[in-house]
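Here is a friendly note to read alongside the model. Please keep the 3D view open and find each residue as we come to it.

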Amino acid sequence: MLTERQGERLSGWLDAVRQDDLLSLHALAAGIDRDRDAVMAGLTLSWNSGVVEGHVNRVKMLKRQMFGRAGFQLLRKRVLLA
């Protein structure tokens, strides 16, 4: 369902999860139901935010490396020059 973008199978999967007796999966199914449109879009559409997430991850890594060592101006320079 995830790798082949088969979002149409989501309803069947959620029904199977609800019939099972694993409570943690019931909580997961309830969370998916709360935002079903976004989950369905993620399972069916071809575009994603992977590039943006990569940049956010890089900035967080730079911030962690510099924690307590320098101020915002140096962090800003490192982010812009990296």
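**Notes on charged pairs and the core**

1. A network of salt bridges links Asp 15, Arg 18, Asp 33 and Arg 36. A salt bridge here is a side-chain nitrogen of Lys or Arg within 4 Å of a carboxyl oxygen of Asp or Glu. By this rule, the count is three salt bridges. As background, side chains of opposite charge can pair when their charged atoms come close.

2. Before going on, please note that this is a predicted model, in which local features need pLDDT of at least 70 and side-chain atom pairs count only at pLDDT 80 or more, while totals for chains, interfaces and linings use all residues. Residues are numbered from 1 along each chain as its sequence is written, and side-chain values use heavy atoms, with hydrogens and water left out.

3. Start with Arg 18 and Asp 15, whose side chains meet in a salt bridge at 3.4 Å, N to O. Both belong to helix H1 (residues 10–19), three residues apart, or about one turn of the helix. Helices (H or I, at least four residues) and strands (E, at least two) are DSSP runs, numbered from the N terminus.

4. Arg 18 also has a salt bridge with Asp 33, at 2.0 Å, N to O. This pair links distant parts of the chain, with Asp 33 in helix H2 (residues 23–34) and Arg 18 in helix H1, 15 residues apart. Asp 33 in turn meets Arg 36 in a salt bridge at 2.8 Å, N to O.

5. How exposed is Arg 18? Arg 18 is partly exposed, with a relative accessible area of 35%. Asp 15 is partly exposed at 42%, Asp 33 is partly exposed at 32%, and Arg 36 is partly exposed at 28%. Buried means under 20% relative accessible area, exposed over 50%, and partly exposed in between (1.4 Å probe, protein chains only).

6. Now for the nonpolar side. The largest nonpolar core has six residues: Leu 10, Leu 14, Val 17, Ala 29, Ile 32 and Leu 43. H1 and H2 are the elements that give two or more residues to this core, and H1 gives the most, with three residues. Such a core is a set of buried Ala, Val, Leu, Ile, Met, Phe, Trp, Tyr and Cys residues joined through side-chain atoms within 4.5 Å.

7. Finally, look at Val 17. Leaving aside neighbours within four places in sequence, Val 17 is in contact (heavy atoms within 4.5 Å) with Leu 25, His 26 and Ala 29.
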